[in-house]
Amino acid sequence: FIIVCWVLLSFVFYVGHLVLVYYRRSLRHCIKRAIKNNTMEVHFQPIVSLTEGGFHEMEALIRWNSFRYGQVSPLVIVDMADRLGLIDHLTWMVIRKVGDFYREYPEQLRHIKISVNVDRHSLLKEGFASDLAEILEEYPELKGRLGLEVTETSVLDAAELPLMVSRFEHIKALGVSLSVDDFGTGYAGLDFLRRFPYDTLKLDQIFIASLKDDQFTRQILTSVTKLAKELNMELIAEGVEHEDQLNAVRELGVDRVQGYYFCRPLPKEQVIAWFEENASP
Ligand code: C2E
Ligand code: MG
Ligand code: MG
Ligand code: MG
């Protein structure tokens, strides 16, 4: 009896394993095809300036609505693309789509900057800066308007530090601005802010979520706000969903806000419509 149970159980595990392997392989295959066939999309989320009362920038976020899997999380797409060695494809695809967007709506987007997320493998790839320079030649409309967002965790490896610093200097020399994404979650020391030529800090949304009820978070953010001012960096609060969060952020003196409270990431046509509706007088 025990042997029969054991055989049955092994069989069930084996089949389960095969299904999982099949699922992952098929997802990987679909992602590969979608990247190669350029069937992914980019959505845009406006970032609002509280004092100026308008919006001058947006973040570009990858979206993929798969026939088989529905909406797939950007984190899964990025992770898979990385394993497939297609992460550069993805990065340049998103930047090109941003360039196409400027071409399509030159008047409406004239004053708008757009930032793109870049993972550390793309950044570390040899020739990243020269590829970026090439794309700026191909899309002159991106010049002075493109920003890159790099997470704090992607620059933590001490061995890579010199390479990253020189990469960032090249990027800045091309007139492309740089933000630290998910700031405050990566355990970076202050040295990291000193070494890198960042323009903007994007406060991670976990801080915004606990800002209202947590005195400690408020104290930390008060200091971070001061620090950003001292270092001449802009500060953006990510993930503002409710009015009380907006008020708390405003009280801290954070000027720029990104979150569902104002607008979710939208497909390009809807973004343009949103702009026209919300244009400051
Ligand atoms: P991120 O760069 O920190 O982007 C902000 C994320 O927060 C987006 O999630 C956005 O939809 C979401 N968000 C914005 N406002 C709110 C809010 O008020 N509440 C909540 N709960 N969420 C809000 P999304 O689009 O799912 O992207 C997740 C992450 O995937 C991004 O985090 C970024 O790290 C990565 N990602 C997205 N697109 C790309 C891309 O084109 N390339 C790379 N390398 N990574 C990307
Ligand atoms: Mg980002
Ligand atoms: Mg973020
Ligand atoms: Mg994030």
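Is arginine 24 buried, partly exposed or exposed? Arginine 24 is partly exposed, because its relative accessible area is 36%. In these terms, buried means under 20% relative accessible area, exposed means over 50%, and partly exposed lies in between, with a 1.4 Å probe and protein chains only.

Before going on, a word on the model. It is predicted, so local features need pLDDT of at least 70 and side-chain atom pairs count only at pLDDT 80 or more, while totals for chains, interfaces and linings use all residues. Residues are numbered from 1 along each chain as its sequence is written, chains are lettered from A and ligands numbered from 1 in the order in which they are written, and side-chain values use heavy atoms, with hydrogens and water left out.

Now the overall picture. The protein chain has 11 helices and 9 strands; these are DSSP runs numbered from the N terminus, with helices being H or I of at least four residues and strands E of at least two. Its C-alpha trace spans about 75 × 50 × 45 Å along the principal axes. Of the 281 residues, 46% count as buried.

Next, helix H1. Arginine 24 sits in this helix, which covers residues 2–36. Together with Arg25, Arg28, Lys32 and Lys36, Arg24 forms a positive surface patch. Patch residues have over 30% relative accessible area and no salt bridge; like charges are joined within 9 Å, and nonpolar side chains (Val, Leu, Ile, Met, Phe, Trp, Tyr) within 5 Å. A salt bridge here is a side-chain nitrogen of Lys or Arg within 4 Å of a carboxyl oxygen of Asp or Glu.

Phenylalanine 11 lies in helix H1 too. Phe11, Tyr14, Val15, Leu18 and Val19 make a nonpolar surface patch of about 490 Å². Areas come from the Shrake-Rupley method with a 1.4 Å probe, and for residues only the protein chains shown count as cover. Phenylalanine 11 counts as exposed because its relative accessibility is 51%.

On to the metals. Which residues coordinate the magnesium ion (ligand 2)? They are Glu59 (OE), Asn117 (OD1), Glu149 (OE) and Asp181 (OD), at 2.0 to 2.2 Å. Donors are N, O and S atoms within 2.8 Å of the metal (3.2 Å for Na, K and Ca), and sites may look incomplete because water is not among the atoms. The sequence spacing of these donor residues is E-x57-N-x31-E-x31-D. Within this set, asparagine 117 in strand S4 (residues 113–117) and glutamate 149 in strand S5 (residues 146–151) link distant parts of the chain, 32 residues apart. Asparagine 117 is partly exposed at 31% relative accessibility, whereas glutamate 149 is buried at 2%.

Aspartate 182 is partly exposed at 26% relative accessibility; glutamate 238 is buried at 8%.

What bridges the two ions? Aspartate 181 does, and the magnesium ions (ligand 2 and ligand 3) lie 4.2 Å apart.

Last, one residue from strand S2 (residues 54–66): isoleucine 62. Isoleucine 62 counts as buried because its relative accessibility is 8%. Isoleucine 62 and valine 176 are 114 residues apart in sequence and 20 Å apart in space, C-alpha to C-alpha.

Conventions. Lys and Arg count as positive and Asp and Glu as negative; His and the chain ends are not counted. The place of a charge is taken as NZ of Lys, CZ of Arg, CG of Asp or CD of Glu.
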